[in-house]
Amino acid sequence: AALQNTTLPKAWWDADREAILCSPMAADARNLTLQSLPVALSFATFSTQSALKQRGQGEGWVLADPDGFEEDLCQETLTVVVVPEEDNGFAILRLDKSGGSVIGRESLKRCIKMAEDRWSAWESVLRER
């Protein structure tokens with residue numbers, strides 16, 4: 001939502017200062033042009049597996065939109081950023097996965113599908129603004 005209201009100041013390179021300068025005048029600013037609205041969805045995996053249990057005895061869950069407390073308890077995180085494409089599909093702008101191997105191929109597909117569904121929900125809200 002913030003990107004829709006973003007204005008960029010007029011900027012130029014000043015060779016004497018060897019720096020980029022920006023105009024302080026709001027009249028020189030221009031609106032940021034967006035081709036589409038990117039939406040990010042984050043995930044984290046929580047597992048009860050431990051070194052004291054035999055392999056396969058632990059359970060695991062993939063949490064959507066974890067808060068800071070939940071993320072601290074999780075071993076792996078995933079962030080998916082999607083935008084719509086012209087053919088009514090979606091493009092993945094970014095896929096960032098770190099911390100483990102709990103999220104496999106099938107879980108990854110479900111997370112991407114949830115991110116696409118989330119974009120549809122956010123799109124209607126953001127367009128109303």
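Select Asp 14 and show its side chain, which reaches the backbone nitrogen of Asp 16 at 2.9 Å, a polar contact (a pair of N or O atoms within 3.5 Å, one able to donate a hydrogen and the other to accept it, with residues adjacent in sequence counted only if both atoms are side-chain atoms). The model is predicted, so local features need pLDDT of at least 70 and side-chain atom pairs count only at pLDDT 80 or more, while totals for chains, interfaces and linings use all residues. Residues are numbered from 1 along each chain as its sequence is written, and side-chain values use heavy atoms, leaving out hydrogens and water.

Staying with Asp 14, colour strand S2 (residues 11-14), where this residue lies; strands here are DSSP runs of E with at least two residues, numbered from the N terminus. Asp 14 also touches Ala 19 and Leu 21, setting aside residues up to four places away in sequence, where contact means heavy atoms within 4.5 Å.

Next, select Asn 31 in strand S4 (residues 30-31), which counts as exposed because its relative accessibility is 55%, exposed being over 50% with a 1.4 Å probe and protein chains only.

Finally, display the open sheet of four strands, ordered S6-S5-S7-S8 with antiparallel pairing, where pairing requires at least two DSSP bridges between two strands. Strands S6 (60-64) and S8 (90-98) stand at the edges with a single partner strand each, so one side of each lacks a neighbour in the sheet. Strand S7 (residues 76-84) pairs with S8 over eight antiparallel bridges, and Thr 79 has Asp 96 in S8 as its bridge partner.

Conventions: Buried means under 20% relative accessible area, exposed over 50%, partly exposed in between (1.4 Å probe, protein chains only).
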